[in-house]
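I opened the notebook to record what I looked up, one entry at a time. The structure goes in here, and the entries follow.

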Amino acid sequence: MRSKAIRLIGATAVGMSLLAACSQSTDDKAAKPGASGGGAGNCATERTVDNARKLPAEKPAGLKGDFKVALVRQSGVGDYFEQWGDGATKQIKAAGGSVTVYDARGNNATQVTQLDQAINSKPDVIIVDHGLADSVNPKIDDAIAKGIPVVVYDVAISNCKAVYISQDDASIADKILGYMKQDNPSGGKVAYVNVSGIAPLDSRDKVYQQFLKDNPTFSQKARFGKYTESVAADTATEGTAALSAAPDTTIAFAAYDELAKGTLIALRQNGMTNKVKVYGVDVSTADIGAMTEAGSPWRATAATDPANVGAVVARAAVAAGAKVDLPQKMTIPATLITQDTLKQNNVTNMDTLRKALPDLATPDVLGAPWITPIRPGS
């Protein structure tokens, strides 16, 4: 099989502001009722999750020998997005396809233009990886109207003919908050680090709010969190003031890893690293370093492997492009990753983490004999 070239249109580096990265997954109000997919409201939230669906064992007749995928992205800060894209592109190539990558890097107008370019290139399938719902939904409608299947990751979509995949954000919050309770059996005074209006973070917030109701020994003493060009630094600035006003804080729960990094900085600036335990979400090599450094208060995180997630989305795209019937919605479960596990297994980066926690890989999710599997991170 001849090699397939990967062409990057737009940006080649991951570094846009997380403000744009998370306006990608906007709230339910962004979905447009009555979209051409026939379903009013937000299909991403209204659909029923179907994680048990299996692909056919036999190679579909609709699978071309050299199928083309357009990956239209809004990447963000940190190496999460780089790993996600690497997993997706490697899986597409392993399955025999080629991929053209468009990255708007936080510019919503650019993503609209790039979606037009992707549609006009007439690929076999389009992947939309993050994006502002108001911007991308009309273009998703256009693509589907022209007979191009669309697989979407973490966008509040309104067209129910698109396939929607996301992390299981409720599971993520349940896992990390459950460990936070186990690690602090007497409760604690919580600094909550999050923002409102972003679909995945709003889902985590719902679980957190219920956690406080169900566990009255945990009480919120402070709240902060910023999305700017420099998430960690600006969250640290806000957090320094908030924590100074709440010196009796004993726990910090950050709903995203860049927010957790900002929290660590704020704790250091207030001289509170020895008295406050931090619990976060998501994982990267940089996060692993922050969790395992001497004296780190970052006790645990709940996360998926971004390279594995990209690969799952890619397999969905391969199947969709081959006209395979797919579930409307799938979620990818998270794994709890504790500081103790990292240290006991000498984990220093994502590759050693994958070896220590093989459950991060989900090769059976949309796996099939006719899709050559990849090993995320390799």
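I began with D50, which is partly exposed because its relative accessibility is 23%. I use buried for under 20% relative accessible area, exposed for over 50% and partly exposed for what lies in between (1.4 Å probe, protein chains only). R53 has a relative accessible area of 27%, so R53 is partly exposed too. The side chains of D50 and R53 form a salt bridge, at 3.2 Å from N to O. I count a salt bridge where a side-chain nitrogen of Lys or Arg lies within 4 Å of a carboxyl oxygen of Asp or Glu.

A note on the source: this is a predicted model, in which local features need pLDDT of at least 70 and side-chain atom pairs count only at pLDDT 80 or more, while totals for chains, interfaces and linings use all residues. Residues are numbered from 1 along each chain as its sequence is written, and side-chain values use heavy atoms, with hydrogens and water left out.

Next I looked up other salt bridges. How many does the structure hold? I noted 18 salt bridges. In one of them, the side chains of R299 and D183 meet at 2.9 Å, N to O. This pair links distant parts of the chain, with R299 in strand β11 (residues 298-303) and D183 in helix α6 (residues 169-183), 116 residues apart. Are R299 and D183 buried or exposed? R299 is buried, with a relative accessible area of 15%, and D183 is buried at 16% relative accessibility. I also found D183, K277, R299 and D340 linked in a network of salt bridges.

E293 forms a salt bridge with R268, and the closest N and O atoms are 3.9 Å apart. Here E293 sits in the loop between α10 (285-292) and β11, R268 sits in helix α9 (residues 257-269), and 25 residues separate the two. E293 has a relative accessible area of 38% and is therefore partly exposed. R268 is partly exposed as well, at 47%.

I then turned to aromatic rings and noted 6 aromatic pairs. W84 and Y153 form a tilted pair, 5.4 Å centre to centre with 45° between the planes. Rings of Phe, Tyr and Trp (its six-membered ring) pair if their centres lie within 6.5 Å; planes under 30 degrees apart count as stacked, over 60 as edge-to-face and the rest as tilted. W84 lies in helix α3 (residues 80-94) and Y153 in strand β5 (residues 150-153), so the pair ties together parts 69 residues apart in sequence. Both W84 and Y153 are buried.

The rings of Y192 and Y208 are stacked, because their centres are 3.8 Å apart and their planes are at 20°. Y192 is in strand β7 (residues 188-193) and Y208 in helix α7 (residues 199-214), so this pair ties together parts 16 residues apart in sequence. Y192 is buried at 0% relative accessibility, and Y208 is buried at 0%. With F253, Y192 and Y208 form one aromatic cluster.

Last, I checked backbone angles. N346 is not a glycine, yet has a positive phi of about 50°. N346 lies in the loop between α12 (339-344) and α13 (350-356) and is exposed at 62% relative accessibility. L366, in the segment after α13, has a positive phi near 60° and is buried at 1% relative accessibility.

Conventions. Helix = DSSP H or I, 4+ residues; strand = E, 2+ residues; numbered from the N terminus.
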